[in-house]
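Let's take a friendly walk through one protein model, stop by stop. Have a look at the picture first, then read on.

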Amino acid sequence: MAIKSRFLISTTLILLLTGFFSWLSMRVLAEDIIVSWVERYAEKQVQYDKVRTLLPLIQEVKLSKEFAELESLKEWAKHPFNDALKQHALYDTEAFRHRFSDKSYFIALKGNEHYYYSDGKEASNLDPYRYTLHESNPDDSWFYQIMAKKLNLHLNVNPDVELGVIKLWSDVLIRDGDDVLGVVGTGLDLSGFLRQMVEKQDIYSAIVFTNNEGSIQLYQREELIDYSSLTKQSEDKSLVFQLLDDEQSRMQLKQTLEMAKEAPNHVKTSPVYKDGVRQLASVVYIPEIDWFQVNFIDINGFLPLTEFSGLLVVFFISLVCALIVFYLLLTLIVTRPLSELDLSIGSLDKKQYRAPKLGHFAGLEIKKLVSHYQKMSTSLLEYQLELENKVAERTEALSRLAKLDPLTELYNRRGFEVHMTEYMQRWQKSHHSFGLINVDVNRFKLVNDLYGHAAGDLVLQEIATYLTNVVGDKGEVARWGGDEFLILVKQNSDQDLVTISEQLQGDRESLVIKIKEQNITIQFSVGNALVEDNDTLESLLHRADNAMYAVKFNNR
Ligand SMILES: Nc1nc2c(ncn2[C@@H]2O[C@H](COP(=O)(O)OP(=O)(O)OP(=O)(O)O)[C@@H](O)[C@H]2O)c(=O)[nH]1
């Protein structure tokens with residue numbers, strides 16, 4: 001794979017991985033920010049709710065407690081059958097009634113098991129007695145349970161069927177030291193409260209108020225409110241945990257409720273699954289009413305993933321831009337200089353040097369590399385040229401040597417054959433006549449035998465010089481083999497062939513060679529042949545040969 005592709009692929013992978021992990025960590029960070037923001041928001045919200053929404057409720061509870069502390073009421077509760085005390089107490093309670101927001105109160109006394117209720121609608125002089133409580137009556141069991149459990153305060157949510165509203169009953173014990181004398185309290189119409197709660201739901205997907213054990217006391221979905229939860233069996237109760245999707249979420253919320261109870265008015269959070277989505281549950285314990293406020297917020301809904309899509313688009317555009325810039329830089333710094341180098345190396349094959357053109361952006365290392373390459377390739381080309389010249393010279397020398405006889409430096413047989421063939425071809429076109437003279441040294445063997453082979457060589461060199469001088473510019477001399485020479489006569493005039501032949505044959509005293517103080521007279525047997533039409537080199541040679549042998553035979 002090309003260096004550019006490798007770099008681009010690996011860079012893309014690195015960028016994608018980095019982007020992916022940045023996105024993940026951004027999400028985690030965003031979630032952390034949301035959680036801490038929600039915690040702070042919920043804490044402020046609780047303070048705000050206390051002032052605006054919960055205040056009447058808290059006020060009502062406070063009043064109920066104050067109501068239970070009325071001395072006349074306590075005295076009557078101690079002696080429920082004492083009419084004077086009853087009248088005194090009812091006088092006081094009637095006065096107190098106006099302080100409750102519903103202008104109503106109830107009194108249930110342990111001593112006579114009577115239930116009194118007044119909302120001021122009946123004439124004030126009438127006895128507020130309503131009915132007598134019975135332990136066996138399930139409708140009355142709240143009274144007996146509150147006393148049995150000695151619950152100083154119990155808030156009980158119950159629908160008022162007659163009025164068609166939901167009422168919150170704040171039940172407070174009348175106590176005399178450790179003795180429980182009865183239960184008093186008031187009912188508060190929750191309709192307005194619920195409406196306000198729905199209105200201020202703002203960022204939350206749900207706001208739930210639960211009692212100590214998690215049973216739902218206030219919720220927008222009224223059908224889930226756990227009415228009269230005190231008297232219900234645990235399996236019948238409508239708990240906040242049941243709003244959650246899985247067991248782990250339920251466990252987590254339970255733990256969060258416990259933690260919240262230990263830090264009243266402070267928000268504790270836990271991630272849970274509700275309605276199929278991940279939500280953050282923020283829990284606050286409100287000690288004044290012994291309730292929990294549990295708010296749920298849909299994290300993704302609050303900060304949806306689509307919010308990140310803009311970031312993703314920016315990320316991908318940056319990625320593409322980064323890749324384009326990287327591609328251009330890689331091209332300018334690395335690949336273009338490298339391909340210039342490649343082109344230059346390729347040109348060396350054609351024995352032409354093409355200098356690599358390096359741009360301004362080419363990497364320093366590549367510039368150095370190219371500089372080394374330029375020095376190397378220049379000297380390589382020079383060396384190659386020098387070598388080729390030497391080879392050409394040597395080849396020419398070899399080819400010349402192959403044509404020449406090393407001893408006499410005349411044409412050897414092979415060289416002369418080539419030369420004669422060319423001459424024959426020229427003759428066939430020009431018909432410029434020529435002839436051959438075959439010269440054989442007589443009794444040369446004796447020279448070798450008498451004076452040695454080295455002396456024989458010297459004699460052969462002298463003969464070569466002699467023959468060359470005799471022929472001059474009229475022809476060319478070759479050593480045909482051993483002591484046999486061949487002369488090509490160009491025959492500028494008709495007589496040249498005969499003249500030279502006769503001079504070599506007849507001039508018996510002209511060649512005397514001095515060897516080892518001995519004068520040796522060299523004589524030749526000479527035969528010639530003039531080229532004829534339809535002659536081949538072989539036929540011409542053959543005739544000259546025959547002529548020479550005829551002379552040699554006659555001489556013996
Ligand atoms: N020194 C020397 N001798 C050579 C060379 N080439 C051939 N010879 C000798 O030349 C002689 C040629 O002898 P022949 O042609 O048989 O006979 P010849 O003695 O010349 O007698 P005829 O030709 O019959 O007159 C041989 O003894 C070869 O050994 C050479 O390069 N150097």
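Helices here are DSSP runs of H or I with at least four residues, strands are runs of E with at least two, and both are numbered from the N terminus.

Arg543, Ala544 and Met548 are buried in helix 15. The buried residues of helix 15 fall within an arc of 130° seen down its axis, so they line one face; the arc is taken from the directions from the helix axis to the C-beta atoms. On the face turned away sit the exposed residues Glu538, Ala550 and Phe553. Buried means 20 or more other C-beta atoms within 10 Å of a residue's own, exposed means 12 or fewer, and partly exposed lies in between, with C-beta atoms placed from the backbone.

Four strands form an open, antiparallel sheet in the order 13-14-12-17. Strand 13 (475-481) and strand 17 (524-530) are at the edges with a single partner strand each, so one side of each has no neighbour in the sheet. Two strands pair if DSSP finds at least two bridges between them. Strand 13 and strand 14 (residues 484-489) share six bridges, and arginine 479 stands opposite phenylalanine 485 of strand 14.

## About the model

This is a predicted model: local features need pLDDT of at least 70, side-chain atom pairs count only at pLDDT 80 or more, and totals for chains, interfaces and linings use all residues. Residues are numbered from 1 along each chain as its sequence is written.
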